[in-house]
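Open the model in your viewer and keep the sequence panel beside it. We will go from the whole chain to a few single residues.

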Amino acid sequence: MIVFSIALFIIGIFVGSFLNVVIDRLPRKEGFVTGRSHCDLCGHTLAWYDLVPLLSYALLLGKCRYCKKFIGYEYPLVELTTGILFCIIPLLYPAIPMLSLLDTLFIFSIFVVIFYTDLWYGIIPDITLLLGIVALIPIFVMHPTLLLSSVLSGVVACLFFLALFLGTRGRGMGFGDVKLALLLGLLLGYPRIIVSLYIAFLTGAGIALILILWRKKKLRGDTIPFGPFLILGAVLGLLFGNFLWELLTVYVLHL
Ligand SMILES: [Zn+2]
């Protein structure tokens, strides 16, 4: 299982390398057929050995081989995130069926794109939400009994965020968050969606407070994208949902 996890980590950083291209280009609505093949800073064409995920970055100490400027931490960060998310699944669930594993890898890839496009560009591309709906199909084929709970969770989560969106006139939440809440409700179902939203609001409020105290953000005006927190909650909900639900109900809410 360790060998399988290491293999998935390596596949993950290569998928992450592709997701970098998607994250780069989706917010600008460019096509991504050709891929990242030249340096963003000097335009020099990159060789295959400049494009090995994580490894090229580490060997070149984060600098472009040709212009020696810092490439930035974004590319290796996306690759590392994807690699870790990929390899963690079989470690936690050694008996996971292949179809569930592949579907979860697909869902996590979509999550990585949403997390970083919203964090860096304040955008949740509609195509990622559509692909998320596609990822639901294998889940419902394997577990048709989950359909009702999923649809209800999706509708309730969506209405809750719609109320927040309308109540704050779009300043607290973007409409992208409303659509994302629908997808996450469908993906997670009850009670995991509750756990996920709880984590999202808790971490979101925590980070917002820290940024305000550091005076990085003003209390009004500047907004912090909420999508990354929703995604963080969803990943933890998918991986540890039932355990966290028990923690939440027994130790936090004392039910
Ligand atoms: Zn360069």
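A contact here means heavy atoms within 4.5 Å of each other. Keep that in mind, and remember that this model is predicted. Among contacts in the protein chain between residues at least 6 apart in sequence, 68% link residues at least 24 apart.

**Select the whole chain.** Colour by secondary structure. You will find nine helices and zero strands. How does the radius of gyration of the protein chain fit a compact globule? With 255 residues, such a globule would have a value near 18 Å, and the 19 Å of the chain agrees.

**Show the surface.** Its accessible area is about 14400 Å², with 73% belonging to carbon and sulfur atoms. Of the 255 residues, 42% count as buried.

**Select the charges.** There are 17 positive and 12 negative side chains. The centres of the two sets lie 9 Å apart.

**Select Leu 61 and Lys 68.** Most residues other than glycine have a negative phi. Leu 61 has a positive one, near 55°, and Lys 68 has one near 65°. Leu 61 sits in the loop between helix 2 (55–59) and helix 3 (74–92). Lys 68 lies in the loop between helix 2 and helix 3. Are they buried or exposed? Leu 61 has a relative accessible area of 64%, over the 50% cut-off, so it is exposed. Lys 68, at 56%, is exposed too.

**Select Tyr 190 and Pro 191.** Most peptide bonds are trans. A cis bond joins Tyr 190 and Pro 191, with omega about 5°. Pro 191 is in the loop between helix 7 (175–188) and helix 8 (192–213).

Technical notes. Residues numbered from 1 in each chain as written. Predicted model: local features only at pLDDT ≥ 70, side-chain atom pairs only at ≥ 80, totals over all residues. Heavy atoms only, no water. Helix = DSSP H or I, 4+ residues; strand = E, 2+ residues; numbered from the N terminus. Rg over C-alpha atoms; globule rule 2.2 N^0.38 Å. Buried < 20%, exposed > 50% of the residue type's maximum accessible area, 1.4 Å probe, protein only. Areas by Shrake-Rupley, 256 points an atom, 1.4 Å probe, with all protein chains shown as cover. Lys, Arg positive; Asp, Glu negative; His and termini not counted. Charge placed at Lys NZ, Arg CZ, Asp CG, Glu CD.
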